[in-house]
Amino acid sequence: MAGARNGVFAEKMSPYLRQKMAEGKNPGELSFLELQYVMDPSEAVDRAHEVDRHYQSELRTTFEGTELKGVEKLYRRTLLVEPTTICAAHCRWCIRGQYATQTLSEDDLERIARYCGSAPENAAVREVLVTGGDPLILVDRLEFLLDAIEKHAPQVEVVRIGTRVPLQDPGRVDERMIRALRPRSTFRVEIATHINHPGELFPEVREAYAALQSAGARIYDQTVLLRGVNDDPDTLITLYDELRRLDIEAHYLFHCVPIRGMDHHRTSIAQGLDLFRQVVASGMTSGRAKPQYTLMTDVGKVSLYEGAIVGRDGDRVLVRTGYSYEDRRRWAPEWTLPSTARVDEDGFLQVWYLDSDGGKADS
């Protein structure tokens, strides 16, 4: 698996992060870093219902006589590509920590670009999300993919690149990377990032994000709600104020997913909703700096709204989605209904999602 041994995600930190942790003068001063990157013994404990994957969305399809690798599709307008599963550091809450290690070749990437531009089921695709791993670890491979999309998939309007490189190893954001992210003739580039605590925004990190913006990239943030890191309103309000100052869009506040090794990071959904209300409905933040509180379920992302949770069975909640089963099968013909999901009487997907006690069992 991707750095996993016996089901436990291997610890990996960049020299930059190790240096920053060493600079802490007082106990707990940099706990927001330690909790995200230092392995916790509880990760080795098996828990009921925990799984290795948050969803099964890989496309199992053959294109031009060869099976595609590193491609996922759950949505009408978006195709996801994973050029590599390598990162500069291993976030302990990584949703792909148990994925098999792989890096795609240039031939793989060009086939994906042709598939994106020519397969009938991709006629409505307007966005490509390039994630991993971290695509900015292999800049040459990423540049090749961007060029191939420009050449073979002219209908694509946006390419989004998921990365934590600016936080984990900001020195990598250099002229070579900026050149690779240059504007293309057919699409714009957006950067998706995970900034989880305002303390992560060291001066060199701010400079790295500013350099990406100077290359023409728009940046948006997907904060992960993590117990002990940012599960209090003051931290989140400060974070969203800082993101606004940096011209980084607050997009999602993700509930930490229920996969192997995550339990000590997770709040309950109720705790998350209460925090969300305190942040977005208190008048403490600008209306231009408010995220969506969102679950990553086995059928995709579901932003919580009134009536979204329609049932409960022990520590699981049943979530109503707006995803049509027939639409999903049309967009991704190889997709099959996971065992945790069902189709309601109106043809929409409902999905079971594992809640957390938010640490009550530890107290």
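Which residues lie nearest the centre of the largest pocket? They are Ile-95, Arg-96, Thr-131, His-194 and Gln-222, out of a lining of 42 residues. The model is predicted, and local features need pLDDT of at least 70, side-chain atom pairs count only at pLDDT 80 or more, and totals for chains, interfaces and linings use all residues. Residues are numbered from 1 along each chain as its sequence is written, and side-chain values use heavy atoms, with hydrogens and water left out.

**Largest pocket**

- The space in the largest pocket comes to about 850 Å³, a volume being the space filled by probe spheres set on grid points that are joined across faces, edges and corners.
- A pocket is an open set of points, on a 1 Å grid over the protein atoms alone, where a 1.4 Å probe fits, with protein on both sides within 12 Å along at least five of seven lines; lining residues have an atom within 4 Å of a point.
- Elements that give two or more residues to this lining are strands S6 (78-81), S8 (158-162), S9 (188-193), S10 (218-225), S11 (249-255) and S13 (300-303).
- Strands (E, at least two residues) and helices (H or I, at least four) are DSSP runs, numbered from the N terminus.
- S11 supplies the largest share of the lining, 4 residues.
- By class, the lining has 20 nonpolar residues (Ala, Val, Leu, Ile, Met, Phe, Trp, Tyr, Cys and Pro), 7 charged (Asp, Glu, Lys and Arg) and 15 polar (the others, Gly among them).

**Helix H1**

- Tyr-16, Leu-17, Lys-20 and Met-21 are buried in helix H1 (residues 15-22); buried means under 20% relative accessible area, exposed over 50% and partly exposed in between, with a 1.4 Å probe and protein chains only.
- These residues lie on the same side of H1 because they cover an arc of only 135° around the axis, taken from the directions from the helix axis to the C-beta atoms.
- Exposed residues Pro-15 and Ala-22 sit on the face of H1 turned away from its buried side.
- Helix H2 (31-37), helix H5 (165-168) and helix H7 (203-214) are included in what covers the buried residues of H1, contact meaning heavy atoms within 4.5 Å.

**Backbone geometry in loops**

- A cis peptide bond, with omega near 20°, runs from Gly-132 to Gly-133; Gly-133 belongs to the loop between strand S7 (127-130) and helix H4 (139-152).
- Glu-64 is not a glycine, yet has a positive phi of about 55°; this residue is in the loop between strand S3 (62-63) and strand S4 (66-67) and is partly exposed at 45% relative accessibility.
- Asp-247, also not a glycine, has a positive phi of about 60°; Asp-247 occupies the loop between helix H8 (233-245) and S11 and is exposed, with a relative accessible area of 63%.
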